[in-house]
Amino acid sequence: KVTLKEFDLKVLFKSRMSNLNLRGGAGLSARYMTVRAPTATFDVTTPAGVVTVGGDIYITSAISIGLDFSTRTAMITETFDKTSYDGTLRLDTHF
């Protein structure tokens, strides 16, 4: 059984051009992972640096579709969670 809790704190730069919104940024992340096997349990806390890029396309003034990519790199060497990559597809509403 694997349990993962994570949080990110990022600073983003946003650029809006008509119906296209681009963003990029960096920040800090922390992962709290617990791996339970029949013979052992591993609890790992991993601080990491995070870099993200993404964008949105506005369909209307109230609805947009977005795509984000992130990479996280561990700041410590005593972890089995060295690097991770994430992709997110979003549907946002604005009001």
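Buried means under 20% relative accessible area, exposed means over 50%, and partly exposed lies in between, with a 1.4 Å probe and protein chains only. Keep that scale in mind for each stop.

This is a predicted model: local features need pLDDT of at least 70, side-chain atom pairs count only at pLDDT 80 or more, and totals for chains, interfaces and linings use all residues. Residues are numbered from 1 along each chain as its sequence is written, and side-chain values use heavy atoms, with hydrogens and water left out.

**Stop 1: the nonpolar patch**

Select Val53, Ile59, Ile63, Ile65, Leu67, Phe69, Leu89 and Leu91. Together they make a nonpolar surface patch of about 790 Å². Patch residues have over 30% relative accessible area and no salt bridge; nonpolar side chains (Val, Leu, Ile, Met, Phe, Trp, Tyr) are joined within 5 Å, like charges within 9 Å. Areas come from the Shrake-Rupley method with a 1.4 Å probe.

Now color by strand. Strands are DSSP runs (E, at least two residues), numbered from the N terminus. Strand S4 (63-74) and strand S5 (83-93) each give two or more residues to the patch. S4 gives the most, with four.

Pick out Ile59. Ile59 lies in the loop between strand S3 (41-58) and S4. Is Ile59 buried or exposed? It counts as exposed, because its relative accessibility is 53%.

**Stop 2**

Go to the loop between strand S1 (2-17) and strand S2 (20-36), where Ser18 lies. Most residues other than glycine have a negative phi. Ser18 is not a glycine, yet its phi is positive, about 45°. Ser18 is exposed, at 66% relative accessible area.

**Stop 3: the salt bridges**

Side chains of opposite charge can pair when their charged atoms come close. A salt bridge here is a side-chain nitrogen of Lys or Arg within 4 Å of a carboxyl oxygen of Asp or Glu. How many salt bridges does a search of the whole structure find? It finds nine.

Select Arg31 and Glu6. Their side chains meet in a salt bridge (3.3 Å, N to O). Arg31 is in strand S2 and Glu6 in strand S1, so the pair ties together parts 25 residues apart in sequence. Arg31 is buried, at 10%, whereas Glu6 is partly exposed, at 34%.

Arg72 counts as buried, at 7%.

Move to Arg90 and Asp56. The closest N and O atoms of this salt bridge are 2.7 Å apart. Arg90 is in strand S5 and Asp56 in strand S3, 34 residues apart. Asp56 is buried, at 3%.

Next, show Glu6, Asp8, Arg31, Arg72 and Asp86 together. Salt bridges that share partners join these five into one network.

**Stop 4: the cavity**

A cavity is a set of points on a 1 Å grid over the protein atoms alone where a 1.4 Å probe fits but cannot get out; lining residues have an atom within 4 Å of a point. The count is one cavity of 30 Å³ or more. The largest cavity holds about 40 Å³ of space, a volume filled by probe spheres set on the points.

Select its lining: Arg31, Thr46, Ala48, Arg72, Thr73, Ala74, Asp81, Lys82, Thr83 and Ser84. S4 gives the most to this lining, with three residues.

Key. On a 1 Å grid over the protein atoms alone, a cavity is a set of points where a 1.4 Å probe fits but cannot get out, and a pocket is an open set with protein on both sides within 12 Å along at least five of seven lines; lining residues have an atom within 4 Å of a point.
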